[in-house]
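User: Please take a close look at the aromatic ring pairs in this model. Then set them in their surroundings.

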Amino acid sequence: MGEDRGVSQRSVWLVFLLALLISVSTMGMIASAEEDEKINVVCTNSALADFAENVFGDELAEQVEVTYIMPGGACPAHFDARPSDAVMIAEADVIIALGWEPWLEDLITASGNDDAYRINCMGLGEWNIPEGAAAHLDVIEEALSEYYPDWSDDFRDNADTYIALIEETFDSGRQSIISKGLNGTKVVTIEWYSEFLQLLGFEVVRTYGSPESLSTADILNITEALNGDEEIALVIDNLQSGVEFGENLAAQTGKEHIVLSNFPGGIPGVYTYTENTEYNINELINGATAFDENMQEITDLEGKISSLEFQRSLLIVSLAVITAFLAISV
C-alpha cells in the first residue's frame with residue numbers, strides 16, 4: 001500500500017511537472033508569436049532610428065520595434081559589421097539606410113533577407129541641420145506611408161511634429177549664441193559641420209576633410225591659418241571621425257578644441273536627435289566662451305605687464321633726473 005501510494009505521488013508530481021513544462025513552453029510560443037507580429041524596422045544608424053521612431057510615433061510604438069546596427073560612436077565608412085548584425089537584418093521587415101554604407105549590401109546578402117522593404121536616404125544633405133533632418137524625415141514618412149497606407153495620416157502628422165521640434169531646438173540654440181555675443185566667432189572645422197556652424201552664426205574660416213585624407217601640405221596650410229589669425233577661437237572635430245588630429249592642432253596653436261557628434265548615442269546620456277543637437281550647441285557655446293575668457297585674461301595680463309614696464313621706465317627716468325640734479329648740485 002505504501003509503495004502504491006509512493007508511486008501515485010510520483011505520478012502526480014510527474015504530471016504536474018509535465019503540465020508546468022507545457023505551460024512554460026506555450027507561454028514562450030505565445031510571446032514569440034506576439035514578437036513576430038511586431039513590425040521589425042532595422043536602421044543602419046541611430047539618427048535614422050530616431051527619425052523612424054518619431055514617424056511611427058507613440059501611438060504605434062507597441063506594434064513596431066526599431067533597432068539600429070551601427071553604434072553611435074562609430075563611423076559609417078569604417079564600421080565592421082558583425083555576425084549578429086546579419087541576424088538582425090535577417091529578421092527585418094523594413095531596412096532604412098543612408099544608401100552609401102559600404103558594408104550594408106554584403107550584410108543583406110549574408111542575411112538572406114531579400115524581402116525586406118528598403119528605404120534609402122541618399123543625397124539628402126547633412127542631417128545635422130533642420131532642412132537636412134526634415135528631408136530625411138520626409139523620405140522615411142513617404143516610403144512608410146506607401147508601404148503601410150492605413151497609417152499614412154499618422155506618419156505625416158508625426159513627421160511634421162518632429163520637424164517642428166527640431167527647428168525649435170535649433171532656433172533656441174542659435175538665440176543662445178546670439179544672446180551671449182558669440183555669433184561671428186571664427187572657427188576651423190571638419191568639413192561636414194560647416195553648414196551647421198554657419199547657420200548658427202559662426203564664421204567658418206577654413207574646413208578640412210577626414211584626418212586620414214589630409215596631406216602634409218594640407219596640415220601645414222591649416223596650421224598656418226590658425227597661427228595667422230588670433231581671432232580664430234575653435235578647432236572643431238567629429239567624434240566619429242577621430243579627434244586626435246584636431247586635439248593636437250588646437251594644442252599647437254592655442255585654440256579651444258571642440259568635439260561634436262554626428263549621431264545620437266555617441267555621447268553618454270545623449271540618445272535622441274534633438275538631445276544631440278542641444279549637446280553640440282552647448283559644447284560650441286562653452287568652447288567659445290572659454291576662448292573669450294582666456295583671451296580676456298591674456299589682455300589683462302598684457303595690460304599689467306605694460307603698466308609695470310611703464311612704471312619701470314618712469315623709475316629709470318626719475319633716477320636719471322635725480323642723479324643729474326645731484327651731480328649739478330655738487
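Analyst: The count comes to eleven aromatic pairs (Phe, Tyr and six-membered Trp rings, centres within 6.5 Å; planes under 30 degrees apart are stacked, over 60 edge-to-face, the rest tilted). The model is predicted, with pLDDT of at least 70 needed for local features and 80 or more for side-chain atom pairs, while totals for chains, interfaces and linings use all residues. Numbering starts from 1 along each chain as its sequence is written, and side-chain values use heavy atoms, without hydrogens or water.

One of these pairs joins phenylalanine 56 and phenylalanine 155. The geometry is edge-to-face, at 5.3 Å centre to centre and 85° between the planes. Phenylalanine 56 belongs to helix α2, and phenylalanine 155 to helix α6 (residues 152-179). The two are 99 residues apart, so the pair links distant parts of the chain (helices are DSSP runs of H or I, at least four residues; strands are E, at least two; both are numbered from the N terminus).

Four strands make an open sheet in the order β2-β1-β3-β4, paired in parallel (pairing takes at least two DSSP bridges). The edges are β2 (64-68) and β4 (117-120). Each has a single partner strand, so one side of each lacks a neighbour in the sheet. On average, neighbouring strands here are turned by 20° against each other, direction ignored (axes are fitted to C-alpha atoms, for helices over the stretch in contact; angles run from 0 to 180 degrees between N-to-C directions). Helix α2 (residues 46-56) packs on this sheet. It touches β1 (39-43), β2 and β3 (contact: heavy atoms within 4.5 Å), and its direction makes about 165° with that of β2. Strand β3 (residues 94-97) runs parallel to β4, joined by four bridges. Isoleucine 95 faces arginine 118 of β4.

There is another four-stranded open sheet, ordered β6-β5-β7-β8, also with parallel pairing. Its edge strands, β6 (203-208) and β8 (256-260), each pair on one side only. The twist averages 25° from one strand to the next. Five bridges link β5 (residues 186-190) to β6 in the parallel sense. Valine 188 has arginine 206 in β6 as its bridge partner. Helix α8 (residues 216-228) lies across β5, β6 and β7 (232-238), at about 160° to β6. Helix α9 (residues 244-253) lies across β6, β7 and β8, at about 165° to β7.

The largest pocket has a volume of about 360 Å³ (an open set of 1 Å grid points, with protein on both sides within 12 Å along at least five of seven lines; lining residues have an atom within 4 Å of a point; points join across faces, edges and corners, and volume is the space filled by probe spheres on them). Its lining holds 22 residues, and Pro76, Trp100, Trp127, Trp192 and Asn262 are the closest to the centre. The lining divides into eleven nonpolar, nine polar and two charged residues (nonpolar: Ala, Val, Leu, Ile, Met, Phe, Trp, Tyr, Cys, Pro; charged: Asp, Glu, Lys, Arg; polar: the others, Gly among them).

One cavity reaches 30 Å³ or more (a 1.4 Å probe fits but cannot get out). The largest cavity has a volume of about 50 Å³. Residues lining it include Trp127, Phe196, Asn262 and Tyr273. Helix α10 (residues 273-329) gives the most to this lining, with four residues. The lining has three nonpolar, six polar and no charged residues.
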